Amino acid sequence: MNYSIILPTLNEKNHITNLIDEISDIFFLSKKKYEIIIVDDNSDDGTIDVINNYIKTKDNVKLFVRSNQKKNLAKSINLGIQKSIF
C-alpha cells in the first residue's frame with residue numbers, strides 16, 4: 001500500500017523539518033512507499049525557504065504554496081489531495 005501525507009502549513013519554520021523527518025522515519029522503518037505533500041498558505045516567517053532548501057535532497061517531499069489567496073485550511077488540504085499521486 002502507498003500513502004500520501006498532506007501537511008498544511010503556516011509559519012512553521014521551526015518545526016516542519018523535524019516533523020517531516022519523523023514521518024519519513026516511520027515509513028522507512030515500515031518499508032512503506034509514501035509521499036509528503038506540504039501545502040503552505042504563504043508563510044511570512046521563512047517556512048517556504050526552509051522547506052525549499054530541505055527538499056532539495058528529498059524526492060518524495062513536494063511543496064505547493066497558496067500565494068495571493070485567503071488562508072484556508074480546507075482549501076490547503078484539498079490542494080494536497082489534488083496533487084497527490086497515491
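User: Why is D41 counted as buried?

Analyst: Happy to walk through this predicted model with you. D41 has a relative accessibility of 6%. Buried means under 20%, so D41 counts as buried.

User: And what makes D41 and R66 a salt bridge?

Analyst: Their closest N and O atoms are 2.3 Å apart. The cut-off asks for a side-chain nitrogen of Lys or Arg within 4 Å of a carboxyl oxygen of Asp or Glu, so D41 and R66 qualify. D41 sits in the loop between β2 and α2 (47-54), while R66 sits in the loop between β3 and α3 (73-83), so the bridge ties together parts that are 25 residues apart in sequence.

User: How do you know whether R66 is buried or exposed?

Analyst: Its relative accessible area is 4%. With the limit for buried at under 20%, R66 is buried.

User: How many salt bridges does the structure hold?

Analyst: There are two. K62 and E35 form a salt bridge through their side chains, with 3.0 Å from N to O; that is within the 4 Å limit. K62 belongs to strand β3 (residues 61-65) and E35 to strand β2 (residues 33-40), so this pair links distant parts of the chain, 27 residues apart.

User: Why is K62 called partly exposed?

Analyst: K62 has 24% relative accessibility. Buried needs under 20% and exposed needs over 50%, so K62 falls in between.

User: What makes the buried residues of α1 line one face of the helix?

Analyst: The buried residues of α1 are I16, I20, I23, S24 and F27. Viewed down the helix axis, they fall within an arc of 100 degrees, so they line one face. On the face turned away from that buried side, α1 carries the exposed residues I26 and L29. The buried residues pack against β1 (2-9), β2, α2 and β3.

User: How do you know that the span of α1 is close to the expected one?

Analyst: Helix α1 (residues 16-29) has 14 residues and reaches 20 Å from its first C-alpha to its last.

User: Why are β1 and β3 called edge strands?

Analyst: The three strands form an open sheet in the order β1-β2-β3, with parallel pairing. β1 and β3 each pair on one side only, and that makes them the edges. On average, neighbouring strands of this sheet are turned by 20 degrees against each other, direction ignored.

User: What makes β1 and β2 a pair?

Analyst: They share eight bridges in the parallel sense. A pair needs at least two bridges, so β1 and β2 pass. Helix α2 lies across β1, β2 and β3, at about 150 degrees to β3. α3 also packs on the sheet, touching β1, β2 and β3, and its direction makes about 150 degrees with that of β1.

User: What makes the phi of N11 worth a remark?

Analyst: N11 is not a glycine, yet its phi is positive, about 55 degrees. Most residues other than glycine have a negative phi. N11 is placed in the loop between β1 and α1 and is partly exposed at 33%. N68 also has a positive phi of about 55 degrees and is not a glycine; its place is the loop between β3 and α3.

User: How do you know whether N68 is buried or exposed?

Analyst: N68 has a relative accessible area of 79%. Exposed means over 50%, so N68 is exposed.

Definitions and conventions: Residues are numbered from 1 along each chain as its sequence is written. This is a predicted model: local features need pLDDT of at least 70, side-chain atom pairs count only at pLDDT 80 or more; totals for chains, interfaces and linings use all residues. Side-chain values use heavy atoms; hydrogens and water are left out. Helices (H or I, at least four residues) and strands (E, at least two) are DSSP runs, numbered from the N terminus. Buried means under 20% relative accessible area, exposed over 50%, partly exposed in between (1.4 Å probe, protein chains only). The expected span of a helix is 1.5 Å times one less than its number of residues. The arc is that of the directions from the helix axis to the C-beta atoms. Contact means heavy atoms within 4.5 Å. Axes are lines fitted to C-alpha atoms, for helices over the stretch in contact, and angles run from 0 to 180 degrees between N-to-C directions.
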